Amino acid sequence: MKFSVSREALLKPLQLVSGVVERRQTLPVLSNVLLVLEGDQLSLTGTDLEVEIVARVHLNQMGESGEITIPAKKFVDIVRSLPDTAEIQLTQEDEKVILKSGSSRFQLSTLPSSNFPNVEQGSGELQFTFPQATLKSLINSTSFAMAQQDVRYYLNGMLWEVRPEHFRCVATDGHRLAMCTKPLDAGADASYQAVVPRKGIIELGRLLSDEEGATVEVVMGDKHIQISTDYFTFTTKLVDGKFPEYERVLPRGGNNILFGKRQELRQAFSRVAILSNEKYRGVRITLSEGQMTLVANNPEQDEAEEAVPVDYSGDSLEIGFNVGYLLDITNVLAGDSLKASFVDANTSCLIEDADDGDAAYVIMPMRL
């Protein structure tokens with residue numbers, strides 16, 4: 001294998017695939033990135049056996065085809081440290097790779113490409129094209145609500161639900177729920193549900209762009225999901241478990257409706273959060289006509305109180321919430337104003353954009 005490439009063309013794809021590589025692996029080859037050169041097409045692959053990312057780089061001139069694996073972290077660090085305008089020459093010599101750029105020369109040990117594992121893929125049950133920016137928006141709107149290390153392993157991920165008319169993402173950690181729904185313009189010929197693991201969601205969020213008009217090819221199978229563009233192919237195993245029936249936890253009959261300015265509320269939540277209990281993050285909310293009063297305190301006897309004008313004419317209510325959950329929601333809502341629906345002080349609250357109804361958030365109350 002032998003080729004030349006600019007640092008600018010190589011660095012971003014290399015960073016994308018190395019993000020999935022774990023440094024401490026039982027298999028040494030999993031700490032490496034696989035390079036495959038065919039003519040002027042270079043592909044780079046990283047995997048941890050759960051998630052696989054393949055990035056593609058088009059070279060300006062033909063190279064000598066071949067394939068080899070290189071230590072991912074060292075390769076990234078070398079390329080990153082070179083000047084922005086650097087040209088890189090990479091040559092394979094037996095079990096070594098020689099990387100030259102200007103007056104710099106690096107020699108790296110390699111492992112055979114035959115040792116590099118492929119993520120096994122099942123048959124694709126459903127395939128469709130979807131706007132890349134819309135998929136990124138779905139993930140950004142809901143990923144914060146995924147559990148991190150819950151024993152209910154199916155909560156450590158995100159539900160992807162495809163129906164003939166829409167694509168929906170749902171995440172919950174048992175205390176809050178985030179749901180976002182986008183129309184499926186091309187339509188799907190079947191319904192499908194799968195739980196995508198947390199790491200896969202985070203890595204996919206890094207890969208996707210907001211570029212207008214860009215699309216992704218989505219292939220959903222019984223054990224894997226694959227997302228492809230001209231520049232990368234992303235594959236992840238699915239979580240084997242049944243996601244909760246999320247529609248049953250959506251509050252019904254919330255007749256106490258509040259409308260407020262999102263930024264004003266977000267800033268007020270941020271201020272009172274400073275003096276909230278660091279462990280429980282509780283804030284007491286009192287609702288009265290035209291006003292929301294926030295109170296937070298902590299074991300050191302500190303207290304924060306703030307009154308925020310809102311459009312509210314329902315019953316007087318006093319209810320407690322985790323202020324971190326409220327901040328997460330106000331950070332991802334897109335509109336200038338939000339709508340919150342309350343049933344009573346012991347029932348979950350439903351929060352949505354006041355104007356655009358494609359996202360809905362549910363948070364359980366706290367006892368303070």
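At what angle do helix 1 (residues 7–18) and helix 2 (residues 72–81) pack, and how far apart are their axes? The angle is about 150 degrees and the axes are 10 Å apart. Helices (H or I, at least four residues) and strands (E, at least two) are DSSP runs numbered from the N terminus; axes are lines fitted to C-alpha atoms, for helices over the stretch in contact, with angles running from 0 to 180 degrees between N-to-C directions. The model is predicted: local features need pLDDT of at least 70 and side-chain atom pairs count only at pLDDT 80 or more, whereas totals for chains, interfaces and linings use all residues. Residues are numbered from 1 along each chain as its sequence is written, and side-chain values use heavy atoms, with hydrogens and water left out.

Helix 1 and helix 2 are therefore roughly antiparallel (angles under 35 degrees count as roughly parallel, over 145 as roughly antiparallel, 65 to 115 as roughly perpendicular and the rest as oblique). Their crossing is left-handed, that is, the near helix is turned anticlockwise from the far one by less than a right angle. R7, L10, L11, L14, Q15 and S18 of helix 1 meet A72, F75, V76, V79 and R80 of helix 2, contact meaning heavy atoms within 4.5 Å. By class, seven of these residues are nonpolar, two polar and two charged (Ala, Val, Leu, Ile, Met, Phe, Trp, Tyr, Cys and Pro are nonpolar; Asp, Glu, Lys and Arg charged; the others, Gly among them, polar).

Helix 5 (residues 262–273) and helix 6 (residues 323–332) pack at about 150 degrees with axes 9 Å apart, which makes helix 5 roughly antiparallel to helix 6. This crossing is left-handed. On helix 5 the contact involves R262, R266, F269, S270, V272 and A273, and on helix 6 V323, L326, L327, T330 and N331. Six of the contact residues are nonpolar, three polar and two charged.

Seven aromatic pairs are found in the whole structure (rings of Phe, Tyr and Trp, its six-membered ring, with centres within 6.5 Å; planes under 30 degrees apart are stacked, over 60 edge-to-face and the rest tilted). F128 and F167 have ring centres 5.8 Å apart and planes at 90 degrees, so this pair is edge-to-face. F128 belongs to strand 9 (residues 124–131) and F167 to strand 11 (residues 166–172), so the pair ties together parts 39 residues apart in sequence. F128 is buried at 3% relative accessibility and F167 at 0% (buried, under 20% relative accessible area; exposed, over 50%; partly exposed, in between; 1.4 Å probe, protein chains only). F128, F130, W160 and F167 form one aromatic cluster.
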